[in-house]
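Please report on the fold, the salt bridges and the helix packing of this protein. Keep it brief and define the terms.

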Amino acid sequence: MGMTAASASEERRLRRGLKSRHLQMIAIGGAIGTGLFLGSGGTISQAGPGGALLAYAAIGIMVLFVMQSLGEMSTHLPVAGSFHTYGTKYVSPSFGFAMGWNYWFNWAITLAAELVAAGVIMSFWLPDVPSWIWAAVFLILLAGLNFLSAKAFGEGEFWFAAIKVTAVLAFLVLGVLMIFGILGGTSPGMSNWTTGEAPFVGGWMSVISVFMIAGFSFQGTELVGVTAGESENPRKDMPRAIRTVFWRIMLFYIGAIAVIGFLLPYTDPSLLASANNEDITASPFTLVFERAGIAVAAGMMNAVILTAILSAGNSGLYASTRMLYAMAKEGTAPRLFARLNERGVPVMALLATAMIGLFGFLTEIMGDGGAYTWLMNVSGLSGFIVWVGIAWCHFRFRRAYVRQGHNVADLPYRAPLFPIGPVIALIMLIVVIIGQNVQAIVNGQLLQVASAYAGLPAFLLLWVIHRIVTGRRSRMVALDDMDVEGLEIKAS
């Protein structure tokens, strides 16, 4: 009886404090970061404006299919474990185990990467202050936001994302005015789409190589699936977030690349320089703002990019903490990490994740950075692996749901293009993962191959080891035996 009461108390303290506006901004903010503000210039330099547009549009459509799959599952079963829980229920316990630890590690290491980047950004204003001081300040800030409550995290992420969205909208408006010659002097017209090899530079191989960059840029959109476990009304808010967020993100990315393609030639050396993610003055956003007559463009974009970095760190800390908590609840991580404080925050999971992020940062500032590079390489494919898992889980879930006699019309949200959507997403994701560094495979550069694909064997190793240790209990779940029951959310 005491155990039951304790469990009920613990469940009550995992509070659903995230509102619809929080979910929408978390999903939008998760996909707008340095990949757009800095990396977009490199994609145009590599594949031309037409090639970059094609690549981002194709990956955007793939992400739409993944998000629709996630939307169907997360509205039917809105739990903090998200992909870990779906992998366990709809594929196999071993697959769910590998998915959960893969996702937790990915965002814990991403937190370290954001701390490193924040130090670089702050050196723009205060070059004499050591980067580790800024890392400590920002880690305390992000851990503090997450420590307060889910609502505090959501509120912080809402404003972080709002700043990024405002910057992109301002860029699009000013860019259109410059294209029509209203600002910034004479308009280049269509000249940058016809110069040299434009609009498609380097043929199909360049477009495919930009697929990888575009894929990395969109990573983070799946964060909204983790928030379903603490959403006030997931069955109403999740579908709304997924329907609206995709089109907004596509507008931002496609619009921004189109503006850059019109205003800057792909041969502009600044575009390639911006791809190193450190030179703020080379960002295509900075260049366009400067040409529009905004003298403080570099400082302004530096502040926006710092906001993007803090946003990514904030979301990553939240997502990885909830994933570790969910795994502890289901017995695939130490039970210690399932403890909640009175505000419904899994504090031990938060501290463990923050410490891993801090450890990753220390490996970069101490020694030659080799350990840090390998940690980043192992986590590099994690986002793509999670997307593969989402599509596969959804494909099997829907088949089992129908096979067991349920009516698809009863689902709170239905992915409209099933089964085509998840199948296309799976095929495209496999192409993206294999294509990470095809050139290194062709040239027999084994070290580069190992570096580019390190995350894949790490994931498979987790899957196989768990399968061996648990034996028959971790066989793939048969469609007839699959637990496809949903979760009713009681009004608070």
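## Overall fold

The protein has 21 helices and zero strands. Helices (H or I, at least four residues) and strands (E, at least two) are DSSP runs, numbered from the N terminus. This is a predicted model: local features need pLDDT of at least 70, side-chain atom pairs count only at pLDDT 80 or more, and totals for chains, interfaces and linings use all residues. Residues are numbered from 1 along each chain as its sequence is written, and side-chain values use heavy atoms, with hydrogens and water left out.

Of the 492 residues in the protein, 57% are buried. Buried means under 20% relative accessible area, exposed means over 50%, and partly exposed lies in between (1.4 Å probe, protein chains only). Contact means heavy atoms within 4.5 Å. Among the contacts with a separation of 6 or more, 81% are between residues 24 or more positions apart.

## Salt bridges

How many salt bridges does a search of the whole structure find? The search finds three. A salt bridge is a side-chain nitrogen of Lys or Arg within 4 Å of a carboxyl oxygen of Asp or Glu.

| Salt bridge | N to O distance |
|---|---|
| E72 and R398 | 2.7 Å |
| D483 and K89 | 2.7 Å |
| D480 and R403 | 3.1 Å |

Start with E72 and R398, which form a salt bridge. This pair links distant parts of the chain, 326 residues apart. E72 sits in helix 4 (residues 39-76), and R398 in helix 17 (residues 382-403). Is E72 buried or exposed? E72 counts as buried because its relative accessibility is 0%. R398 is also buried, at 9% relative accessibility.

Next comes the salt bridge between D483 and K89. D483 lies in the segment after helix 21 (455-470) and K89 in helix 5 (residues 83-90), so the pair ties together parts that are 394 residues apart in sequence. D483 is partly exposed, at 35% relative accessibility. K89 is partly exposed too, with a relative accessible area of 25%.

D480 and R403 form another salt bridge. D480 is in the segment after helix 21, while R403 is in helix 17, and the two are 77 residues apart. At 48% relative accessibility, D480 counts as partly exposed.

## Helix 17 against helix 18

Helix 17 also packs on helix 18 (residues 420-434), at an angle of about 155 degrees and with the axes 9 Å apart. Axes are lines fitted to C-alpha atoms, for helices over the stretch in contact, and angles run from 0 to 180 degrees between N-to-C directions.

Helix 17 passes helix 18 in a left-handed crossing. Left-handed means that the near helix is turned anticlockwise from the far one by less than a right angle; clockwise is right-handed.

From helix 17, the contact includes F384, W387, V388 and A391. The helix 18 side includes P422, V423, L426 and L429. By class, the contact residues are 13 nonpolar, one polar and no charged. Here Ala, Val, Leu, Ile, Met, Phe, Trp, Tyr, Cys and Pro count as nonpolar, Asp, Glu, Lys and Arg as charged, and the others, Gly among them, as polar.

P419 is in the loop between helix 17 and helix 18. A cis peptide bond joins F418 to P419, with omega about 0 degrees.

## Helix 6 against helix 14

Helix 6 (residues 93-122) and helix 14 (residues 297-329) pack with their axes 8 Å apart, at an angle of about 155 degrees. The two are therefore roughly antiparallel to each other. Their crossing is left-handed. The residues of this contact divide into 19 nonpolar, five polar and one charged.

Helix 13 (residues 284-291) is mostly covered, with six of its eight residues buried. Those buried are P284, F285, T286, L287, V288 and F289. G293 follows helix 13 and has a positive phi, near 95 degrees.

V165 lies in helix 8 (residues 150-179). V165 counts as buried, at 12% relative accessibility. Which residues does V165 contact, leaving aside its neighbours within four places in sequence? They are M25, I28, I32 and F252. V165 and I28 are 137 residues apart along the chain, and their C-alpha atoms are separated by 8.2 Å.

Key
Angles under 35 degrees count as roughly parallel, over 145 as roughly antiparallel, 65 to 115 as roughly perpendicular and the rest as oblique.
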